[in-house]
Amino acid sequence: MVLLTRLGGVPRLLGRVGAVNGSRWIHGTAALAQQGAAYNERLFGHVETSVNTFPILHTGGVHPVPVTLMPGEGIGLEVANSMIRVFEAADVPVEFERFEFTDLDEGVPDAVVASFRKNGVALKGPFNTPVKSKSKSINIILRTTFDLFANVVHCKNIPGVETRHPGVDVVVIRENTEGEYSGLEHETVPGVVESLKIISREKSIRIAEYAFQYAERNNRKKVTAVHKANIMKQSDGLFLQCCREVAARYPYIEFDNMIVDNTCMQMASKPQQFDVMVMPNLYGNIITNIACGLAGGQGLFPGANFSPTAAIFEQATRHAAKSIGGMDVANPSATILAGAMMLRYLKLNEHASVIETALLNVLQDGKVLTPDLPGGKAKLSDFTKAVIAKLD
């Protein structure tokens, strides 16, 4: 099914043309909201993107900018719709090409691949990968197909959101294309399974370089490499060696390393000691979830996946939360802020500032919070209305 929708007074056209659902929204322009812009850029890691390590999409000044949208499943549909309502109210000059699909056996539809290849930028909701499913994860397919090598998540205390630890401000940078997620498993003999962990010098150097460039461009003081080189001496040993080699080129940035199990304990007890963290794939998934939990929960923080030429933006933890899908209780903050991150990637900084400031003001007011946050009782739809009301 394809649903073409042009907002802003332009007539709407509905029609059926196949199995994949698609929608387009077109918006105009908006004024810059100055208040809170500097804080927002610190919070969500805005960087200047002049080299491939920090890619930038060159739109050629074309507006509206086409963006591939994959709402996902579970809460994905309703939080994506919340983001779209906010974008519409903020007059964001973006045109979404929307694709709804959930069949893991079919993988990523060709139409989605073609759209993302053409646009070079996407917003993605959560896709659930059941334990019993033999199909490859949608997330892994997208990362490996498009070489989305760097996953970046910035977790920081947000005014108005009660947390156990004050002073949390950590950036987790995860190598996204190899490690245990290589998916190379086989049963050698009945009852014995081998799973191959792939660590390469090329990709370890690349992600370490990304982490140090991120630290340099964002005035961060320290990079910590997370590993298990004491046990996996060759694979994680290679990753740690590559991080040390890159660190030597940045003597003005402090570098240390920490074993992953100790890292988890230190994150839970004293997260303030961490600044930028870089790690292989599996550890990145675990540490990202811990960081989000420490700073307020899975509904708050956005994440981004970068290749040299493209990017996908999403909620940091990627949990589909199917048990509450469609109940109008999910927190759309992570998805809305992922959209704002995307706008900075597109150099639509004014619109990003307007949206970020409005959402952070709603959280700070503490009057309209979803149930996942302390004291929250509001519905997703009410939270969305509150953000829109703060856009002025």
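## Burial classes and overall make-up

A residue is called buried under 20% relative accessible area, exposed over 50%, and partly exposed in between. Glu 180, with a relative accessible area of 25%, is therefore partly exposed. The model is predicted.

The protein chain has 392 residues, 55% of which count as buried. It contains 11 helices and 15 strands. Its accessible surface comes to about 16700 Å², with 54% belonging to carbon and sulfur atoms. Of the contacts between residues at least 6 apart in sequence, 74% join residues at least 24 apart.

## The sheet

An open sheet is formed by 10 strands, in the order E5-E4-E6-E15-E14-E7-E8-E13-E11-E12, with mixed pairing. Neighbouring strands are turned against each other by 25° on average, direction ignored.

Strand E8 (residues 169-175) pairs with strand E13 (residues 276-279) in the parallel sense over 4 bridges. Val 172 has Met 277 in E13 as its bridge partner. Helix H3 (residues 110-119) packs on the sheet and touches strand E4 (65-70), E5, strand E6 (121-124) and strand E15 (311-315). The direction of H3 makes about 145° with that of E4.

## Salt bridges around strand E8

The count of salt bridges comes to 17. One of them joins the side chains of Lys 156 and Asp 169, at 3.4 Å from N to O. Lys 156 lies in strand E7 (residues 150-156) and Asp 169 in strand E8, so this pair ties together parts 13 residues apart in sequence. Lys 156 is buried at 18% relative accessible area, while Asp 169 is partly exposed at 23%.

Arg 220 forms a salt bridge with Asp 275, the closest N and O atoms being 2.5 Å apart. Arg 220 sits in the loop between helix H5 (201-217) and strand E11 (222-227), and Asp 275 in the loop between helix H7 (260-269) and E13, 55 residues apart. Arg 220 is buried at 12% relative accessibility; Asp 275 is buried at 12%. Salt bridges with shared partners join Lys 156, Asp 169, Arg 220 and Asp 275 into one network.

## Strands E9 and E10

Glu 180 and Lys 197 meet through their side chains in a salt bridge of 3.2 Å, N to O. Glu 180 is in strand E9 and Lys 197 in strand E10 (residues 192-198), 17 residues apart. Lys 197 is buried, with a relative accessible area of 18%.

Leu 184 is placed in strand E9 (residues 179-189) and is partly exposed at 41% relative accessible area. Together with Leu 196 and Ile 198, Leu 184 forms a nonpolar surface patch of about 230 Å² accessible area.

Methods:
Residues are numbered from 1 along each chain as its sequence is written. This is a predicted model: local features need pLDDT of at least 70, side-chain atom pairs count only at pLDDT 80 or more; totals for chains, interfaces and linings use all residues. Side-chain values use heavy atoms; hydrogens and water are left out. Two strands pair if DSSP finds at least two bridges between them. Helices (H or I, at least four residues) and strands (E, at least two) are DSSP runs, numbered from the N terminus. Axes are lines fitted to C-alpha atoms, for helices over the stretch in contact, and angles run from 0 to 180 degrees between N-to-C directions. Contact means heavy atoms within 4.5 Å. Buried means under 20% relative accessible area, exposed over 50%, partly exposed in between (1.4 Å probe, protein chains only). Accessible areas come from the Shrake-Rupley method with a 1.4 Å probe; for residues, only the protein chains shown count as cover. Patches are made of residues with over 30% relative accessible area and no salt bridge: like charges are joined within 9 Å, nonpolar side chains (Val, Leu, Ile, Met, Phe, Trp, Tyr) within 5 Å. A salt bridge is a side-chain nitrogen of Lys or Arg within 4 Å of a carboxyl oxygen of Asp or Glu.
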